[in-house]
Amino acid sequence: KSLLETEPSSAIITAIKTPWDTTAFFAALHEQIKFSIGDYAFTGALYDEKTNSIHVPYTYEEGTVQTIESLPLGEGLTTVLLRNKQPIFLVENTEEQAKALGAKKVGKHAKSWMGVPLIVEDQAIGAFTVQDHKKEKAFTQEHLDCLGNLSRQAAGILFNARLLDEHRNQIAKIQTAAEIARDISSALNLDELLLKAVNLIHDRFDFYHAAIFLMDSTGSNAIIRE
């Protein structure tokens, strides 16, 4: 069986079935990559177009796994990958080739580097990158094809998980709003109602700050009441 034909491991299937955990999902994918390609530095990144930032739920190098919180999109190879939405395959003279692609050096330079975008509806939602910092020609075209195959499967799963989370959040907000409306209906006067409402909104939605303003009798000023 070629690497391209390799099916997702049971660990990936398990990660899909369990309550959604992006880091666990990338960890399961990494196990499949180690099995199919080898034990190399690996990064799974997600791109947020609205904030033009990258979140790295999972990055692995020399036995160490880390999560990197959101950071602005930089000027490295991953940025080129997301912008062009095409695989990148560099296995010799990587520094010169990266410069030719318009990427600036970020961190330790790899001797072999390959990456694939996660594409959904012609939009890049993230990327996989695999690197070898010591050896040129560490990867083959078959390795890149295998990574691309996994990226296509992962992109669809990640996109659906995002939609599901948004759907669940919307349902939770509607349910919470209904609970708030029910709970404040028992308030006996306006001051009690406002106090109860602002506390419920603060607690149920986990807001840092909540306030209620009411218009004055002229209708031209809003006065904070609670």
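Modeller: Start with Asn93, which sits in the loop between β4 and α4. Elements are DSSP runs numbered from the N terminus: helices are H or I with at least four residues, strands are E with at least two. The model is predicted, so local features need pLDDT of at least 70 and side-chain atom pairs count only at pLDDT 80 or more, while totals for chains, interfaces and linings use all residues. Residues are numbered from 1 along each chain as its sequence is written, and side-chain values use heavy atoms, with hydrogens and water left out.

Phi of Asn93 is near 50 degrees, a positive value in a residue other than glycine. Most residues other than glycine have a negative phi. Asn93 counts as partly exposed, at 44% relative accessibility. The classes are buried under 20% relative accessible area, exposed over 50% and partly exposed in between, with a 1.4 Å probe and protein chains only.

Asp122, in the loop between β5 and β6, has a positive phi of about 65 degrees although it is not a glycine. Asp122 is exposed, with a relative accessible area of 52%. Lys85 follows α3 and has a positive phi near 60 degrees. Asn52 has a positive phi near 50 degrees in the hairpin of β1 and β2, with four residues between the strands. Glu62 also takes a positive phi near 50 degrees, in the hairpin of β2 and β3, where two residues separate the strands.

Now the sheet. Six strands form an open sheet in the order β3-β2-β1-β6-β5-β4, with antiparallel pairing. Strands pair if DSSP finds at least two bridges between them. β3 and β4 stand at the edges with a single partner strand each, so one side of each has no neighbour in the sheet. Neighbouring strands are turned by 15 degrees against each other on average, direction ignored. Six bridges join β1 to β2, and Thr43 stands opposite Thr59 in β2. Six bridges also join β2 to β3; there, Tyr60 stands opposite Val65. Seven of the nine residues of β2 are buried, so β2 is largely enclosed by the rest of the structure.

α2 lies across β1, β2, β3 and β6, at about 45 degrees to β2. Axes are lines fitted to C-alpha atoms, for helices over the stretch in contact, and angles run from 0 to 180 degrees between N-to-C directions. α3 packs on the sheet too, touching β1, β2, β4, β5 and β6, and its direction makes about 145 degrees with that of β6. Contact means heavy atoms within 4.5 Å. The buried residues of α3 are Leu77, Thr79, Val80, Leu81 and Leu82.

Leaving aside neighbours within four places in sequence, Leu73 is in contact with Tyr47, Asn52, Ser53, Ile54, Thr79 and Leu82.

Back to α2. Its 15 residues (22-36) should span 21 Å at 1.5 Å a residue, and its end C-alpha atoms are 21 Å apart, which agrees. The expected span is 1.5 Å times one less than the number of residues. Just after α2, Gly38 takes a positive phi of about 140 degrees.

Last, the interior. Nonpolar side chains tend to be buried together in soluble globular proteins. A nonpolar core is a set of buried Ala, Val, Leu, Ile, Met, Phe, Trp, Tyr and Cys residues joined through side-chain atoms within 4.5 Å. The largest core has 27 residues; Ile37, Leu118, Phe128, Val130, Phe139 and Leu147 touch the most other members. α2, β1, β2, β5, β6 and α5 each supply at least two residues of this core. The largest share, seven residues, comes from α5. Leu147 touches Ile33, Ile37, Met114, Gly115, Val116, Phe128 and Val130, not counting residues up to four places away in sequence. A second, separate core of 16 residues includes Ile54, Val56, Ala103 and Ala124.
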